[in-house]
Amino acid sequence: MSDFNLPDYKQQSPEVRDRFERLKQRPVTMEVKGLTKTFNSHHGEVTALKNIDLKIHKREFVCVIGPSGCGKSTLIRILAGLEQASAGQVLLDGEAVTRPGPERGMVFQGYTLFPWLTVKRNIMFGLIESGMNKNHAEAEAREWIELIGLGKFENSYPHQLSGGMKQRVAIARALANRPKILLMDEPFGALDAQTRAKMQAYLMEIWKNIDVTVFFITHDLDEAVYLADRILVLKANPGEVQELIEVPVPQPRNPEQFLSPEFLATKKHIEELIHPPSEESDDDHLNLVRMVPVNDDVGSVF
Ligand SMILES: Nc1ncnc2c1ncn2[C@@H]1O[C@H](COP(=O)(O)OP(=O)(O)OP(=O)(O)O)[C@@H](O)[C@H]1O
Ligand SMILES: [Mg+2]
């Protein structure tokens with residue numbers, strides 16, 4: 001990306017600065033304190049996460065970005081209570097997280113709907129599990145299905161839906177339990193670019209209208225800058241906080257902002273953090289032997 005007089009990504013307009021001031025005054029929904037996670041693998045001990053500290057405020061949208069293997073999924077699994085930390089703590093509204101619970105909704109990249117249940121039954125499942133009677137659960141599920149615009153598909157099975165529709169159901173299923181926080185691990189990673197853009201807009205609409213805090217992992221810089229209030233940038237080996245960025249792009253967001261100077265400046269900064277020019281490793285080069293004549297060069301101008 002060329003830097004044609006991009007502003008400093010830390011420069012915030014008065015409205016954005018004011019928004020962050022107000023955001024910091026909101027209650028802390030989730031707090032991560034000194035979180036470390038080590039795994040024992042056959043190569044010995046691997047430190048996946050080291051000393052992570054983070055406070056996520058109520059109704060905040062936090063994105064996480066970082067190179068592959070830096071511990072993003074491990075982090076979200078610990079926040080979900082699916083994995084135990086080796087040291088440190090995760091608190092949800094001040095209470096220690098030790099196991100999965102309905103106040104934390106999860107959406108993964110892979111389609112995780114029950115294939116043998118209809119859309120409606122998939123959404124009803126968690127509600128019935130948490131003790132709601134069947135009629136009430138069915139009424140709630142119908143409301144969610146309407147909200148995600150899939151009224152015609154309530155009796156369809158997951159294999160009859162497109163990828164985007166499946167993820168809409170997965171989001172509705174997670175939200176139906178009224179979680180305090182929605183934990184999303186690359187939820188749109190398997191979707192084509194157009195569907196992905198629609199899903200981003202759709203998630204923003206949900207977030208604006210529903211009282212929920214979002215923690216969202218992505219590999220896609222545009223997606224992170226477009227969605228997030230703040231972006232947690234992690235670095236690898238061990239997974240540590242590299243920077244916590246306050247995105248200077250005003251809310252509410254719209255696709256026109258993708259080309260705004262503050263959007264591009266933030267994206268450029270993250271790109272430099274993740275791929276510093278001096279740190280090109282040997283792994284980045286292909287070890288190819290030339291198998292065409294020297295003058296047969298597709299890279300040159302004929
Ligand atoms: N159950 C496990 N046992 C041993 N090592 C593990 C286990 N789970 C994760 N790891 C290691 O922890 C590190 C972080 O993995 P993790 O899946 O959290 O990374 P990630 O940032 O989500 O990667 P990606 O971007 O590719 O999804 C990796 O080195 C991985 O090999
Ligand atoms: Mg991952």
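Through how many residues does a hairpin join S1 to S2? A hairpin joins these strands through two residues.

This is a predicted model, in which local features need pLDDT of at least 70, side-chain atom pairs count only at pLDDT 80 or more, and totals for chains, interfaces and linings use all residues. Residues are numbered from 1 along each chain as its sequence is written, while chains are lettered from A and ligands numbered from 1 in the order in which they are written.

**View 1. Strands S1 and S2 pair in the antiparallel sense.** The pairing runs over 10 bridges; two strands pair if DSSP finds at least two bridges between them. Val32 has Leu54 of S2 as its bridge partner. Helices (H or I, at least four residues) and strands (E, at least two) are DSSP runs, numbered from the N terminus.

**View 2. Residues form a shell around ligand 1.** Among them are Phe39, Val46, Gly66, Lys72 and Thr74; a residue is near a molecule if its C-beta atom, placed from the backbone, lies within 6 Å of it. S1 (28-41), S2 (44-57) and helix H2 (72-80) each supply at least two residues of this shell. The largest share, three residues, comes from H2.

**View 3. Ile245 lies in strand S10 (residues 240-246).** Ile245 counts as buried because it has 22 C-beta neighbours inside 10 Å, where the cut-off for buried is 20 or more other C-beta atoms within 10 Å, with C-beta atoms placed from the backbone. Leaving out residues up to four places away in sequence, Ile245 touches Arg230, Ile231, Val233 and Thr266; contact means C-beta atoms, placed from the backbone, within 7 Å.

Terms used:
A residue is buried if 20 or more other C-beta atoms lie within 10 Å of its own, exposed if 12 or fewer, and partly exposed in between; C-beta atoms are placed from the backbone. Two residues are in contact if their C-beta atoms, placed from the backbone, lie within 7 Å.
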